[in-house]
Amino acid sequence: MRRSRRTLIALLAVFLIVSACGDDAAAPQAATDALPPATEAMNGELNALLPDDIRAAGAIKAGGPVTEIPAVYLEEDAVTRTGYMTDLVNAVGGLLGVEIEFTDMPFASLIPGLQRGSIDMTLTISDKNTHHEVLDFVDYLGNGLGILVAAGNPNGFDSLESLCGHTVAALAGSVAVGVVTEANESCADPMEIKQFPGISYAQLAVRSGQAEATFGPGATLGYVSANLEDGTVFEVAPGGPYTVQPDAFAFLKGNDELRDAVQAALQRLVDDGTAARILEKYGVDPGDLYNPIPINVTE
Amino acid sequence: MVAAVEITNVSKSYGDVEVLINASLVVEAGTTLGLIGPSGAGKSTLLRCINHLETIDSGTIKVHGEMVGYRREGNRLFELGHSEIARRRAGIEMVFQHFNLFPHMTAIENVMAGPVYVKGVGKGEARAVAMEHLRAVAVENRADFYPSELSGGQQQRVGIARALAMDPTVILLDEPTSSLDPALVGEVLDTMSELSGRGITMLVVTHAIGFARSSCDDVAIMVDGGIIEQGPPGDVLVNPKEERSRVFLRRVIG
Amino acid sequence: MKTAESLGSESSAPVFTEPRRYGRWASAAGVLLLSYLIAKSFYTNPFIEHSVIGEYLFHPVILGGVWVTITLAVTAMVLATVLGVILGLMSRSSNPVLTGINRAYIAFFRAVPLLVQILIWGNLSLFFQRLTLTIPFTSITLIDLDTNDVMTTFVAGALGLGLHQAARMSEVVRAGINSVGRGQFDAALSLGMQRRQVTFLVVLPQAMRVIVPPAGNEFISVLKATSLIFVIAGGDLLTNAQNIAATNLRVLELLTVASIWYLAMVAIATAGQRLLERRYSKGYSGDQTSTSPIRMAVQKVSAWLQR
């Protein structure tokens, strides 16, 4: 009898330990790289728009990967975050009077992160109308898609139709994939579409000949073609821009207060020209900025 | 007449340790020689050199006039290639202290292995012959059993059958009963005695002095890496010439 | 004189009875309860939409991913095993050239991360634009191929996974061969067998007993490592699931779909491993009675029903 009592106690202990463990495997690393922007001072009016818990915490938690050149990426020291999305969101934080706490997370972790509250907003999910069941987007840049090819455009691509019968690299799960898949349906000679996890892998494929073109966001393609080895490796094919894949900050649906606060701050940055300056610094055309800043523009 | 096994001045060292020191031994064809001596004298090593499981440093070993592991060019001896050595091993078979049956094969498959894979005999024919050999050592009712299902004595008898299946001219037995339960030793010794009467050359390393006395044509005593006595058992065991032989025999016989 | 009501019959021998294992029943109940509670907490999680899991479980893109995962893993494992046996045998050679090749191979292919290996094979044309095989000092060309035509994602993945895995399998094979006693070599050699016969007829069959369990483990690792082909736009199960999730944002649901398929594949692989283990244990005694809880439960129930 003593043996079974000991067994029951051991089981009970195991049970208690398991249920005491929370759902988090590991807390996200909060890299506080927010720099106080030198553009705008804290605006009390905007600060009042924030939900109480964020205002009390003094910080907005933003999640996204650090491999999206030129939107969010690391400087050469491999520590400092930079990129136009980074600078924009820091400016927003400055106006709202809070810090931005960045968390480096891959795409797959972003939605679960929003759902359990470890982040308040995402930086790199583009606005897609299929997402509107789950997310609200504050859009700021009408980023048109384009075609990136090897310097000299050997295949002479100039339109989506011209890609038929060729191998096209696109970023996995992006709007670009959907667009080029749809175009493929009207191709007599079908395209082979290869989905890569990031722009660095996609452009490697074009260089090695595994793919003949990359189809993706214009800002990224423009940056790569202009900067890689002084612009000698790639060029953007003529005939763009195609469907717009808007850059936006995304929030879990129902988070209206925070969403509206960010929208208001972004509008202020567009009005006083700060947003345009930030984009120009990274070679992105400020003419694509939305004015006024919409919500869920792809509805 | 060429002797079956002729060992001449063989020496071997493992690093600094000298295991065989100018050992010489002659085994006449068709006879049974018992090799006895204290542990560590080098008896097993000498046996293993005969079929080239071990190399030698100097001297020669000839089986029916031919060297197993080496060829001679003028005054130099070169070790032969593996496939040639394998061929020369064909007429020499070995029975081991720990049986060394192939555990993933049944008893009869063990006995068939040599004829089928080395001699190229067809499986049907090999099976029939193997059955005969198993019958000769009285293990035929265990033919389809695995070694793990056999007693030690049965396993060793299968080992003897496996050696016989290759129709050898020379059989080397390395302490064949040392791992056996005393109750099972007798059946194996009986099998060996019966074999020695058949005219196969047998060289047996053994601690069973009784077997040496009753079933061997010759007995040799090996001490400290060398053969110090060789002769009929009636001479060597009763009236040894060497003092070291007397010391050894006193210990084992009393 | 004992009466009829007294316990036990004086004329029969005592009967062997199985002890009532109360501890076991209690712990079994505890484990089942724990499992139920964990499953329940997953099932009632408000963030997981179960209809989506059902919708995608047999989706053609997912099924395509399963097929790629299985075929890629099997191809890589076959390559790894054949190469691993060759390398393992090399490691025991007395020829220093062979042992040197073995050591260099293992050092390189075990060290470089698998992701990097796959990336290099997939983009091999950056290094070699054409793959040619010519006879030296002549102009006879045996093979001349465009690298990109040869290096499909499947070929690149199979090479990357297979060559990396061969380094690991070589060590497994080496351990297996080492486990075969010296006496087996002696017996086979003294029968007059050539060395190749000794290896394939005597040593390897015995070594398989030691090789199969860790090899089974390695296969399961390879099944999961196939997901690394995402980096060359490969379409294995996990990559396809993640790509779907990137479009519909149903991350947890799609990952659950992928996990269900991985569980199924690994269960089948494990069953196959057990079959192989049993096949190579022929002739080895030892307690072979299995204590599988399912089999014992079935036995207990059928015994109880027959009462």
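Helix 8 of chain C, residues 182–190, has these buried residues: C:Asp186, C:Ala187, C:Ala188, C:Leu189 and C:Ser190. Here "buried" means that 20 or more other C-beta atoms lie within 10 Å of the residue's own, with exposed standing for 12 or fewer, partly exposed for anything in between, and C-beta atoms placed from the backbone. Helices (H or I, at least four residues) and strands (E, at least two) are DSSP runs, numbered from the N terminus. Please keep in mind that this is a predicted model, in which local features need pLDDT of at least 70, side-chain atom pairs count only at pLDDT 80 or more, and totals for chains, interfaces and linings use all residues. Residues are numbered from 1 along each chain as its sequence is written, while chains are lettered from A and ligands numbered from 1 in the order in which they are written.

What do the buried residues of helix 8 of chain C pack against? Their partners are strand 8 (92–95) of chain B together with helix 9 (195–225) of chain C. After helix 8 of chain C comes C:Gly192, with a positive phi near 100 degrees.

Let's step back to the two chains. In total, 20 residues of chain C are in contact with 23 residues of chain B, contact being C-beta atoms, placed from the backbone, within 7 Å. On the side of chain C that touches chain B, helix 8 and helix 9 of chain C each supply at least two residues.

Now for chain B, which has 9 helices and 12 strands. Its radius of gyration is 18 Å, close to the 18 Å that the globule rule gives for 254 residues, so chain B is as compact as a globular protein of that length. The radius is taken over C-alpha atoms, and the rule is 2.2 Å times the number of residues to the power 0.38. Of the 254 residues in chain B, 49% are buried.

Within chain B, 4 strands form an open antiparallel sheet in the order 2-1-4-5; strands pair if DSSP finds at least two bridges between them. Strand 2 (17–27) and strand 5 (66–67) of chain B stand at the edges with a single partner strand each, so one side of each has no neighbour in the sheet. Strand 1 (residues 5–14) and strand 4 (residues 58–63) of chain B run antiparallel and are joined by 5 bridges. B:Thr8 stands opposite B:Thr60 in strand 4 of chain B.

Key: Contact = placed C-beta atoms within 7 Å.
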